[in-house]
Amino acid sequence: SDIHQILSAPCPFWPNKKVGETHLLTLIPQTVNGKPLTLNLLQTLIEAPKQGHATKYDYYDDDVKNELGEGVIGPSHWVLMTKDVIDGSRNKSYTDQKALIEQHATRTGVPYQLPKALEAATAILMGHVRSGEYLYNREPVTYTRCQESVTKNQWPVAIGGFSPAGLYVYYHDYGDYDSSGVGCLRKFPA
């Protein structure tokens, strides 16, 4: 009910900007046209949106697809996700990145968390459908790690590297990998 106040407040990550400038507000529906929203369905939807800019997955890792592709996320909800990885989150281990988000949540009193893969992909892709913008892009190459890990190696899912070729949906655990940081997300009921 107070989303306008939240969007016009100073951003806790980039204080010289407002939340509305640095975050995406996106609905994560439980279903689309009667089908549960999944990474696999999202792949189909973004290739032919009813309006806006079409795109695709440039790379969709088989392990992620097999383990998470048909996974659903509970009831419909809104997410407010940063448009970029937060400062200081690159070149860190996954454990350190999770701790960084927890520190921000404690410091600000705002319940920020790592995004789930479906939430990150949906927010990034719906931002593109709406505006044509490539967030978490390749200038510089940027991915957000997500909550889920792929069982094969227990490596976190990473979403990003978005370009006109499409979005990368994969996993890795390169702790010193400069392109992997973390975006922050908070949830609101629908």
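Which side chain does Glu119 meet in a salt bridge? The points below answer this and then go through other features of the structure, which is a predicted model.

1. The side chain of Glu119 meets that of Lys187 in a salt bridge, with 3.2 Å from N to O. Because Glu119 belongs to helix α6 and Lys187 to strand β10 (residues 185–189), this pair ties together parts of the chain that are 68 residues apart in sequence. The two partners may be read side by side: Glu119 counts as buried, at 0% relative accessibility, whereas Lys187 counts as partly exposed, at 32%.

2. A search of the whole structure finds 2 salt bridges, and Asp58 with Arg138 is also such a pair, the closest N and O atoms being 2.8 Å apart. Since Asp58 sits in strand β4 and Arg138 in the loop between α6 and β6, the pair ties together parts that are 80 residues apart in sequence. Asp58 counts as partly exposed at 31% relative accessibility, and Arg138 counts as partly exposed at 32%.

3. With a relative accessible area of 2%, Tyr136 is buried.

4. Asn33 lies in the loop between β2 and β3, and with a relative accessible area of 65% Asn33 is exposed.

5. Helix α5 (residues 94–108) has 15 residues, which at 1.5 Å a residue should span 21 Å, and its end C-alpha atoms are 21 Å apart, in agreement with that expectation. The buried residues of α5 are Tyr94, Gln97, Leu100, Ile101, His104 and Ala105. These residues cover an arc of only 135 degrees around the axis, which puts them on the same side of α5. As background to this pattern, an α-helix has 3.6 residues a turn, so residues three or four places apart point the same way.

6. After α5 comes Gly109, whose phi is positive, near 75 degrees.

7. In helix α3 (residues 39–47), the buried residues are Leu39, Asn40, Leu41, Leu42 and Ile46. The partners against which the buried residues of α3 pack are β2 (31–32), β3 (35–36), β4 (57–60), α4 (62–68) and α6 (117–131).

8. The structure holds 10 aromatic pairs. One of them joins Tyr134 and Phe162 in an edge-to-face arrangement, with 4.9 Å centre to centre and 70 degrees between the planes. Because Tyr134 lies in the loop between α6 and β6 and Phe162 in strand β7, this pair ties together parts that are 28 residues apart in sequence. Tyr134 is partly exposed, with a relative accessible area of 26%, whereas Phe162, at 1% relative accessibility, counts as buried.

9. Trp155 and Tyr171 form a further aromatic pair, which is tilted, with 5.9 Å centre to centre and 50 degrees between the planes. This pair links distant parts of the chain, with Trp155 in strand β7 and Tyr171 in strand β8, 16 residues apart. Trp155 counts as partly exposed at 28% relative accessibility, and Tyr171 is buried, with a relative accessible area of 10%. Elsewhere, Tyr59, Tyr143, Tyr168 and Tyr170 form one aromatic cluster.

10. Ser179 is found in the loop between β8 (166–171) and β9, and at 7% relative accessibility this residue counts as buried. Leaving aside residues up to four places away in sequence, Ser179 touches Arg90, Val141, Thr142 and Tyr143. Of these contacts, Tyr143 is also a member of the aromatic cluster with Tyr59, Tyr168 and Tyr170.

How values were computed: Residues numbered from 1 in each chain as written. Heavy atoms only, no water. Buried < 20%, exposed > 50% of the residue type's maximum accessible area, 1.4 Å probe, protein only. Helix = DSSP H or I, 4+ residues; strand = E, 2+ residues; numbered from the N terminus. Contact = heavy atoms within 4.5 Å. Expected span 1.5 Å × (residues − 1). Arc of directions from axis to C-beta. Phe/Tyr/Trp six-rings, centres within 6.5 Å; stacked < 30°, edge-to-face > 60°. Salt bridge = Lys/Arg side-chain N within 4 Å of Asp/Glu carboxyl O.
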